Amino acid sequence: MNEMSTITLTQHAYSDAAKKALSRRPALFINNEWVSPSTEATIPVIDPSSGKEISRFVDASDSDVDRAVAAARTAFDDGRWSDLPPIVRETMMHKLADLIGQHADEFAELEAIDNGKPKGMAAAVDIPGAIGMLHYMAGWASKLSGEMIEPMSAPRGTFHSYVRREPVGVAAQIVPWNFPLLMAVLKIAPALAAGCTLILKPAEQTSLTALRLADLVAEAGFPAGVINIITGNGHTAGDRLVRHPDVDKVAFTGSTEVGKIINRTATDTLKRVTLELGGKSPVIVLPDVDIAATAPGAAGAIFFNAGQVCVAGSRLYAHRSIFDQLLEGVANAAAFWAPRPSLDPTGHMGPLVSSEQFDRVMGYIDAGKKAGASVAIGGDAPSSNGGYYVNPTVLVDVRPDMSVVQEEIFGPVVVAQRFDDLDEVAKSANDTCFGLGAGIWTRDISAMHKLAAKIKAGTVWGNCHAVIDPALPFGGYKQSGLGREQARQGVEAYTELKSVIIQM
């Protein structure tokens, strides 16, 4: 890891477009207008690559939240969105996707500056993913339907009965900081397709791309009040949204700890809730694999986005016969992921998102060492001029009860363990309160299917990792969440069912 420490960790210059976005006057996007907040409270924008403050945005008050909810409520109740012909809503969503595409380079740079991820990664993953999500979900606006059902207790033709699928109403959407634009669009798109109106609150660490997205919402021609975007802290603005009596649905992506709080709070008014929460995903490598191909895949499963991924492959289980070889391969692949500033065109992994996250990750590494874990590679932070960099880290000699094995670290840290047979590794893989994702690497298709059936996770990947597609439902077992996002199920999560029974 010494060669990683020699990299110059100095952030590159911002473009004029980024500077313009950073100079935006702090404001809230409500009713298709930029409005002044009720107070002068603001939150700093910190570039994780330098640790420096580069802008500020509004810390919304309760009255600011109320104003946004009122706008969404009015827009839903008068039908200005839900009563439009589905093809009109679909076309408008496609237009928003196209506008993002026209500004793709700017969005990639803003995401890199705000979150710390390499601009190249944002350009390859985040921005195309957001565009694709909008295009995919737009199609559902004209394809949601109910069904006609004959009652079982009456003669045929006595009743005309059918089931309608209607938009749930006003949705409060709270998104995380690891994929800011992609997560925002993942929430917005199905709500719009279903006919809902919404208030989006981006993470307080990463609000730049959501604010820029608001400009394009107005340009795309969405009716006022359909999409409202407000910034603020989770424990204040987020909490107010979850408690608000005029909010019908809450969708949250983030930590399991916060998700439980939101779920309890939403229960007071029995709001519909979708939660996509934490994970501790196993990556299982069977003895028949090609090490040269598998090791970089296992490394990418944990080091992509600096491990700040809900489905990060943070528990590596390699068959005892290939464990040492695989570990060597992962160590060799780690050089590819050496941290660099987010605007460095040669970078593949950037800094962590914040000083708080840096302290959290380093705290887990220290706790692992104290509990007896050995550091195979990494375990340290390269010297930098204020950035939040952590070197790719592999811990070995771990026990199942260690915090680094059981708890979500959300950083570039993987714990590597040996196994001997399928039943043993399946049991180990399920020995967690989480169940979001899992990866299996093998040429044995029978073993692949057997393990996929045994592992309790919402998504299981074979010979790949973290392949997320809008057409496939995404969500978790156990404490990794409630409900599913994406696909048909993701749109239906923004609907209510109504049975209509008419005597003929």
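**Cavity and helix chat**

Me: Which residues line the largest cavity?
Reply: The largest cavity is lined by Ala-21, Arg-24, Arg-25, Pro-26, Ala-27, Ser-55, Arg-56, Phe-57, Val-58, Leu-208 and Leu-211. A cavity here is a set of points on a 1 Å grid over the protein atoms alone where a 1.4 Å probe fits but cannot get out, and lining residues have an atom within 4 Å of a point.

Me: Before I go on, what are the ground rules?
Reply: This is a predicted model, where local features need pLDDT of at least 70 and side-chain atom pairs count only at pLDDT 80 or more, while totals for chains, interfaces and linings use all residues. Residues are numbered from 1 along each chain as its sequence is written, and side-chain values use heavy atoms, with hydrogens and water left out.

Me: What volume does the largest cavity have?
Reply: About 80 Å³, counted as the space filled by probe spheres set on the points, with grid points joined across faces, edges and corners.

Me: And how many cavities of 30 Å³ or more turn up in the whole structure?
Reply: Five.

Me: Which element gives the largest share of that lining?
Reply: Strand 4, with four residues; strands are DSSP runs of E, at least two residues, numbered from the N terminus.

Me: Switching topic: at what angle do helix 11 and helix 12 cross?
Reply: The axes of helix 11 (residues 291–303) and helix 12 (residues 323–334) cross at roughly 60° and come within 8 Å. Axes are lines fitted to C-alpha atoms over the stretch in contact, with angles from 0 to 180 degrees between N-to-C directions, and helices are DSSP runs of H or I, at least four residues.

Note on methods. 1 Å grid on protein atoms, 1.4 Å probe; cavity = no way out; pocket = protein on both sides within 12 Å on 5 of 7 lines; lining within 4 Å.
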